Amino acid sequence: MIIFSLKEQQKKDDEIHEYEKLKEVLEIMKFEYQIERNKKDSLEVRVGIIITFLSTIIAFMFEKINISDLFKLLNKNLDFFLLIKIVSGIIFYVSLILICRYAFKIINIERYDNFKAEIINKKFLKYNKVKILEKFIEMYSKIIVQHRNLNEKKAKNLEKMIFLFLIFLGSIMIHMSIK
């Protein structure tokens with residue numbers, strides 16, 4: 001009887017230890033989930049800032065770098081500087097189009113998975129505490145991996161967008177400096 005009690009006590013202690021361990025893991029998973037959500041928000045805010053800046057520049061530059069004027073320049077005697085002016089004007093428009101493309105890819109309403117509250121039903125609540133924590137950890141793990149993958153794609157698109165934005169600014173400077 002004492003041996004049986006010791007085994008029972010050991011089993012209870014193991015369950016308590018397992019439960020505490022899983023609670024800690026779940027807290028880590030929640031923290032990681034929040035990190036990925038914050039990354040998403042941060043990426044979208046950065047794009048918003050770039051788009052705002054881009055819009056301001058475009059408002060002033062469309063008059064200065066008019067596409068029809070670029071075609072008129074083609075009819076003039078081409079020299080090196082005129083060619084650079086035409087190429088920089090073309091780069092202005094091409095980079096603008098590509099910047100918009102990457103901005104839409106980043107702020108695209110791509111579906112981010114969330115915690116599935118509908119799984120919490122009477123059947124689910126009948127599980128023991130350890131099983132419930134295991135299920136939560138499994139769900140958070142899948143969600144975090146999906147969010148991380150989407151955020152990595154968005155971050156790569158943001159890098160490309162920033163590079164194109166620098167090219168865009170360079171094309172403006174070159175085009176405006178050549179008379």
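**Pocket lining and helix packing**

The lining of the largest pocket comprises six nonpolar, one polar and five charged residues, where Ala, Val, Leu, Ile, Met, Phe, Trp, Tyr, Cys and Pro count as nonpolar, Asp, Glu, Lys and Arg as charged, and the others, Gly among them, as polar. The structure is a predicted model, in which local features need pLDDT of at least 70 and side-chain atom pairs count only at pLDDT 80 or more, whereas totals for chains, interfaces and linings use all residues. Residues are numbered from 1 along each chain as its sequence is written, and side-chain values use heavy atoms, with hydrogens and water left out.

Helix α5 (residues 129-177) gives the most to the lining of this pocket, with five residues. Among the residues of the lining are Asp-113, Phe-115, Lys-135, Glu-138 and Lys-142. A pocket is here an open set of points, on a 1 Å grid over the protein atoms alone where a 1.4 Å probe fits, with protein on both sides within 12 Å along at least five of seven lines, and lining residues have an atom within 4 Å of a point.

Helix α5 also packs with helix α3 (residues 80-107), at an angle of about 155 degrees and with the axes 8 Å apart. That angle makes α3 roughly antiparallel to α5, a term that applies to angles over 145 degrees. By class, the contact of α3 with α5 has 17 nonpolar, six polar and four charged residues.

The axes of helix α2 (residues 67-74) and α3 come within 10 Å and cross at roughly 150 degrees, and α2 and α3 are therefore roughly antiparallel to each other.

Terms used
Axes fitted to C-alpha atoms, helices over the stretch in contact; angles between N-to-C directions. Helix = DSSP H or I, 4+ residues; strand = E, 2+ residues; numbered from the N terminus. Parallel < 35°, antiparallel > 145°, perpendicular 65-115°, else oblique.
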